[in-house]
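Good morning, and thank you for the time. I would like to walk through one structure with you, beginning with a strand and its neighbours.

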Amino acid sequence: MSNWARRVVALLAVGLVLIGLAGANIAQPVVSLPIPGVPVAAVRPAGAAVPSPRLMPANTVYEYTGTAGIALTFDDGPSPIWTPKVLQVLAKYHVHAVFCMVGFRVREHPELVRAVAQAGHTLCNHTVNHDPSISRWSPRDIHRDLAENNQLITAASGGVRPRYFRSPQGLFTPRVVEEARRLGLASLGWRVTAFDWQSPPLPPKALARNVDIRVRPGSIVLMHDAGSPGTHRHTLAALSIIIAYIQEHGWQTTAL
Ligand SMILES: [Zn+2]
């Protein structure tokens, strides 16, 4: 074989290895990794179901869904004012999402927890009292809090056990992640946020822009359906813009 032919063969071999690696990357079952540059063509068309990736309880804080599906997550509810309105918008666009609920509001409004579960959304444990110091508590106290909120959510929803945990203010420590794992909860971080917790609130277009400039297939997106008074009117208006943006790109959503 001539030098020239050898070079061509070597280049082809390198090309095949690269194509193989790229393929392996997309099919990769490891869900904690980003999926950079997932081509739009690889994303299922709007209306097709994205298989649930089921992030597994592990010593990992997940920032990506592990599939092309985008996960919209709503924290700090349920709120009698905003949660039903968020549910209406999600239903209008046929989107399923994740709700990270705090126990003290679950106690006050169990009917909303049931409504969220019955609409096909995913439940997530956001601690009983939203105390950000929980990440520094003793393992025993963390366990007690998360187990109590699991029970509250399961009882209120009519038997749906949360599969996810989100630490207040996203303060995940190895200790709190480990206690969540022991209770069968995968720790759910995020990669994109609307910054809809700020007071005074940003206008809806600014909230939507915060998400739209960063969101892409596989993103976990943080929003809120309760919290600072008055701010979630803007979240609600932003939500329609964000979902329209996602669907215009032919991207899919997932409830994990
Ligand atoms: Zn929160």
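Please note that this is a predicted model. Let us begin with strand β2, residues 71–77, and strand β3, residues 98–101, which pair in the parallel sense over 4 bridges. Within this pairing, Gly 77 has Met 101 of β3 as its bridge partner.

Strand β2 also pairs with strand β8, residues 220–224, again in the parallel sense, over 5 bridges. Here the bridge partner of Ala 71 is Ile 220 in β8.

Is β2 largely enclosed by the rest of the structure, or is it open, and why? Of its 7 residues, 7 are buried, so the rest of the structure largely encloses this strand.

I turn now to the helices. Together with β2 and β3, helix α2, residues 83–92, makes a right-handed β-α-β unit. The axis of α2 comes within 10 Å of the axis of helix α8, residues 232–248, and the two cross at roughly 10°. Angles under 35 degrees count as roughly parallel, and α2 is therefore roughly parallel to α8.

Which residues meet there? From α2 they are Lys 85, Val 86 and Val 89, and from α8 they are Leu 236, Leu 239 and Ser 240. By class, this contact has 4 nonpolar residues, 1 polar and 1 charged.

Finally, consider Arg 182, which lies in helix α6, residues 174–182. Arg 182 has 14 other C-beta atoms within 10 Å, and is therefore partly exposed. Arg 182 and His 143 are 39 residues apart in sequence, while their C-alpha atoms are 8.4 Å apart in space.

Thank you for your attention.

Methods
Residues are numbered from 1 along each chain as its sequence is written. This is a predicted model: local features need pLDDT of at least 70, side-chain atom pairs count only at pLDDT 80 or more; totals for chains, interfaces and linings use all residues. A residue is buried if 20 or more other C-beta atoms lie within 10 Å of its own, exposed if 12 or fewer, and partly exposed in between; C-beta atoms are placed from the backbone. Two strands pair if DSSP finds at least two bridges between them. A crossover is right-handed if, with the strands pointing away from the viewer, the path from the first strand over the helix to the second runs clockwise. Axes are lines fitted to C-alpha atoms, for helices over the stretch in contact, and angles run from 0 to 180 degrees between N-to-C directions. Angles under 35 degrees count as roughly parallel, over 145 as roughly antiparallel, 65 to 115 as roughly perpendicular and the rest as oblique. Two residues are in contact if their C-beta atoms, placed from the backbone, lie within 7 Å. Ala, Val, Leu, Ile, Met, Phe, Trp, Tyr, Cys and Pro count as nonpolar, Asp, Glu, Lys and Arg as charged, and the others, Gly among them, as polar.
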